[in-house]
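Here is a short report on one protein chain. Keep the sequence and the 3D view open while reading.

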Amino acid sequence: MRLPSKILSIAAAPLAAGCEGVQSALDPQGPAAAAIAQSAWIMGFGAAAILALVMALALYAVYRAPGRRAPSSTAVIVAGGVALPVVALSALLAYGVTLTRELRERGGEAALELEVIGHRWWWEVRYPGAAAGETVASANEIRIPAGRPVAIALSSADVIHSFWVPSLAGKIDAIPGRVNRIVLRAAQPGSFRGQCAEFCGAQHARMALEVRAETPEDFERWLEGLRRPARAAAAPGAGLFKTHCAQCHTVRGVAQSAGRLAAPDLTHVASRPRLGGTLENTPQNMAAWIERNDALKPGNAMPAFRELDPRSLEALAAWLSSLE
């Protein structure tokens with residue numbers, strides 16, 4: 001069953017006014033999100049109708065003169081207390097099972113498969129590399145080709161997280177030791193905010209991500225650029241990176257992580273919209289993040305580098321901000 005989208009939009013406008021924005025399940029931009037939103041409206045309107053009926057009966061019982069009240073019977077009690085719930089819940093169950101099957105079928109054969117790994121408190125995103133079995137990584141940003149299904153293999157490196165991009169699909173848990181799968185498909189190019197939807201610790205609210213849907217041609221150009229190593233390896237900031245950052249971070253073509261801590265790959269960090277999932281990506285914010293990230297996102301695993309002198313801090317931030 002498919003209700004006309006215009007009717008739903010008009011009827012829902014007063015209710016949706018407080019929920020619109022960059023992260024809204026009421027603004028579906030893909031087939032899966034549209035089906036989920038429609039099911040929510042159907043259940044919402046159904047629940048409102050049942051509530052209205054129950055309240056009307058309650059008001060009748062309270063305000064109707066005792067002598068004029070219609071006598072209740074066993075048939076009325078059975079119909080209202082047993083038959084109506086059984087019919088309503090059975091219909092919802094059948095609708096839910098049908099919708100679940102449709103959502104699986106709509107995913108289709110994925111045009112691209114990505115790995116997404118949840119960390120406290122950031123998202124690691126792995127794309128297929130140029131060679132078979134090779135991957136290249138980004139963080140807190142997922143780029144996909146618009147109009148094509150993209151399969152996400154989701155897991156966690158520490159605790160249970162939940163991956164949710166409400167404008168594109170439903171929620172799915174990221175569980176340590178298990179790989180779950182979800183398919184994203186954006187109807188058209190655009191930017192869609194996502195969020196961890198399972199409480200995972202102190203900075204759970206700042207564990208955000210952004211999904212960018214681009215034309216297939218633009219996406220292929222971007223992926224080709226992501227696969228290339230970093231440039232400007234001889235700049236002064238590159239040496240500082242090797243000394244202070246390469247214990248945890250990788251910049252391909254400059255330094256490989258020593259694996260001390262799980263940390264984002266920074267090869268093309270300047271092309272990402274945000275730092276740490278929260279700050280606008282500017283050289284000034286890059287310097288602030290390096291120097292005092294413990295104050296900007298308390299509890300994250302990265303140490304602060306307050307011991308760097310202003311000149312070194314500026315050089316390191318400037319070099320990282322050049323890695324597009």
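## Salt bridges

The structure holds nine salt bridges. The model is a predicted one.

Glutamate 115 is partly exposed, with a relative accessible area of 32%. Arginine 126 is also partly exposed, at 28%.

Arginine 292 forms a salt bridge with glutamate 291. Here the closest N and O atoms are 3.4 Å apart. Arginine 292 has 36% relative accessibility, so it counts as partly exposed. Glutamate 291 has 27% and counts as partly exposed too.

Glutamate 210 and arginine 212 meet through their side chains in a salt bridge, at 3.3 Å from N to O. Are these two residues buried or exposed? Glutamate 210 counts as buried, because its relative accessibility is 17% and the cut-off for buried is under 20%. Arginine 212, at 25%, counts as partly exposed. Both belong to a network of salt bridges that links Glu141, Arg143, Glu210, Arg212 and Glu214.

Strand β4 covers residues 141-145. Five of its five residues are buried, so β4 is largely enclosed by the rest of the structure. In a regular strand the side chains alternate between the two faces of the sheet. In β4, Glu141, Arg143 and Pro145 point one way. Ile142 and Ile144 point the other way. All of these residues are buried.

Which strand pairs with β4? The partner is β10, residues 208-214. The two strands run parallel and are joined by five bridges. Arginine 143 has arginine 212 as its bridge partner in β10. Both of these arginines are also in the salt-bridge network.

## The five-stranded sheet

Five strands form an open sheet in the order β3-β2-β1-β5-β8. Its pairing is mixed. The edge strands are β3 (135-139) and β8 (180-184), and each pairs on one side only. Neighbouring strands of the sheet are turned by 30 degrees against each other on average, direction ignored.

Helix α4, residues 216-227, packs on this sheet. The helix touches β1, β2 (122-128) and β3. The direction of α4 makes about 100 degrees with that of β2.

How many bridges join β1 to β5? Seven bridges do, and the two strands run parallel. Strand β1 spans residues 112-119, and β5 spans residues 150-156. Glycine 118 stands opposite serine 156 in β5. Strands of a sheet pair through backbone hydrogen bonds, either parallel or antiparallel.

## Pairings of strand β6

Strand β6, residues 161-164, pairs with β7, residues 172-174. The sense is antiparallel, over three bridges. Histidine 161 faces alanine 174 in β7 across this pairing.

Strand β6 is also joined to β9, residues 190-196. Two bridges join them, and they run antiparallel. Tryptophan 164 stands opposite glutamine 195 in β9.

## Surface and a nonpolar patch

The accessible surface of the chain comes to about 17500 Å². Carbon and sulfur atoms account for 59% of that area.

Which residues make up the nonpolar surface patch of about 290 Å²? Met43, Leu89 and Leu92 do. Leucine 92 lies in helix α3, residues 74-107. Its relative accessibility is 36%, so leucine 92 counts as partly exposed. That value passes the threshold of over 30% that patch residues need.

## Whole-chain figures

The secondary structure comes to seven helices and twelve strands. The chain has 324 residues, and buried residues make up 40% of them. Consider the contacts between residues at least 6 apart in sequence. Of these, 59% join residues at least 24 apart.

Key. Residues numbered from 1 in each chain as written. Predicted model: local features only at pLDDT ≥ 70, side-chain atom pairs only at ≥ 80, totals over all residues. Heavy atoms only, no water. Patch = residues over 30% accessible without salt bridge, like charges linked within 9 Å, V, L, I, M, F, W, Y side chains within 5 Å. Areas by Shrake-Rupley, 256 points an atom, 1.4 Å probe, with all protein chains shown as cover. Salt bridge = Lys/Arg side-chain N within 4 Å of Asp/Glu carboxyl O. Helix = DSSP H or I, 4+ residues; strand = E, 2+ residues; numbered from the N terminus. Buried < 20%, exposed > 50% of the residue type's maximum accessible area, 1.4 Å probe, protein only. Pairing = 2+ DSSP bridges. Axes fitted to C-alpha atoms, helices over the stretch in contact; angles between N-to-C directions. Contact = heavy atoms within 4.5 Å.
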